[in-house]
Amino acid sequence: MALFLLLVLVAVVLGIIGAVADGLGFLLVIGIVLFVAVGTFFAVRVYRRARRRPVR
């Protein structure tokens, strides 16, 4: 969970720097891609964990 939050924080910081700094738009794109990748990874992880529960 800590790694997830750290990666989200990095994505947000890169996005802010990319949006504010002139000529660093590629950082905005990297931040967006990283945020989507982390969100997808977390969603898959939660989905897999929910499926493993045995039916009682």
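Reader: Leaving aside neighbours within four places in sequence, which residues is Leu 34 in contact with?

Author: This model is predicted: local features need pLDDT of at least 70, side-chain atom pairs count only at pLDDT 80 or more, and totals for chains, interfaces and linings use all residues. Residues are numbered from 1 along each chain as its sequence is written, and side-chain values use heavy atoms, leaving out hydrogens and water. Contact means heavy atoms within 4.5 Å. With those neighbours set aside, Leu 34 touches Leu 7, Val 10 and Ala 11.

Reader: Where is Leu 34 found?

Author: Helices are DSSP runs (H or I, at least four residues), numbered from the N terminus. Leu 34 falls within residues 25-51, which make up helix α2.

Reader: How is Leu 34 classed: buried, partly exposed or exposed?

Author: Buried means under 20% relative accessible area, exposed over 50%, partly exposed in between (1.4 Å probe, protein chains only). Leu 34 has 24%, so it is partly exposed.

Reader: How far apart in space are Leu 34 and Leu 14?

Author: In sequence, 20 residues separate Leu 34 and Leu 14. In space, C-alpha to C-alpha, the distance is 9.3 Å.

Reader: Which residues form the aromatic pair?

Author: Rings of Phe, Tyr and Trp (its six-membered ring) pair if their centres lie within 6.5 Å; planes under 30 degrees apart are stacked, over 60 edge-to-face, the rest tilted. The count is one pair. Its centres are 4.3 Å apart, with 20 degrees between the planes, so it is stacked: Phe 4 and Phe 42.

Reader: Which helices does this pair link?

Author: Phe 4 and Phe 42 are 38 residues apart, in distant parts of the chain. Phe 4 is partly exposed at 22%, and Phe 42 is partly exposed at 27%. The helices are α1 and α2.

Key. Helices (H or I, at least four residues) and strands (E, at least two) are DSSP runs, numbered from the N terminus.
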